[in-house]
Amino acid sequence: LKELLETRNFIVTTAQNGAEALREVLAVDFDVIICDMMMPKMPGDMFYLAVQKSKPELAKRFLFVTGHADNPKVDAFLKSIDAIVIFKPVLTEELVRMISFVLNRTAHQTT
């Protein structure tokens, strides 16, 4: 995804796991946070809740990615926060469209 997005002129920061991602997000205010629901060391729901608690203004910048559409726990969490979600396998155009959606949504919230 990193290489794909960089070919579309996005600046991308990656993290190997949820704990590393949390350190990155606490250090920098990202425009969009693409969050996999199943990450090592800290799953996506726990990562989101940690960001929401420490930097609540970033909560609406999440775009969740999952291959677990049939997992009741994942589904319940995503519905509970009215998440923006794309399902694996991720299609390039869908990913770019959803990133633009998150960017537009957050731009309207700050004005």
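This is a short walk through a predicted model, stop by stop. Local features need pLDDT of at least 70 and side-chain atom pairs count only at pLDDT 80 or more, while totals for chains, interfaces and linings use all residues. Residues are numbered from 1 along each chain as its sequence is written, and side-chain values use heavy atoms, with hydrogens and water left out.

**Stop 1: Met42.** Select Met42, in the loop between β1 and α3 (44-54); helices (H or I, at least four residues) and strands (E, at least two) are DSSP runs, numbered from the N terminus. Is Met42 buried or exposed? Buried, because its relative accessibility is 16%, and the cut-off for buried is under 20% relative accessible area (1.4 Å probe, protein chains only). Beyond neighbours within four places in sequence, Met42 is in contact (heavy atoms within 4.5 Å) with Gly18, Ala19, Leu22 and Phe47.

**Stop 2: the rings.** Now show Phe47, Tyr48, Phe62, Phe64 and Phe77, a cluster linked by ring pairs. Rings of Phe, Tyr and Trp (its six-membered ring) pair if their centres lie within 6.5 Å; planes under 30 degrees apart count as stacked, over 60 as edge-to-face and the rest as tilted. The count comes to 6 aromatic pairs. Tyr48 and Phe77 are edge-to-face, because their centres are 5.8 Å apart and their planes at 70°. Tyr48 is in helix α3 and Phe77 in helix α4 (residues 72-80), so this pair ties together parts 29 residues apart in sequence. Both are buried. Finish on Phe62 and Phe64: centres 5.4 Å apart, planes at 25°, so stacked. Phe62 and Phe64 are buried too.

How values were computed:
Buried means under 20% relative accessible area, exposed over 50%, partly exposed in between (1.4 Å probe, protein chains only).
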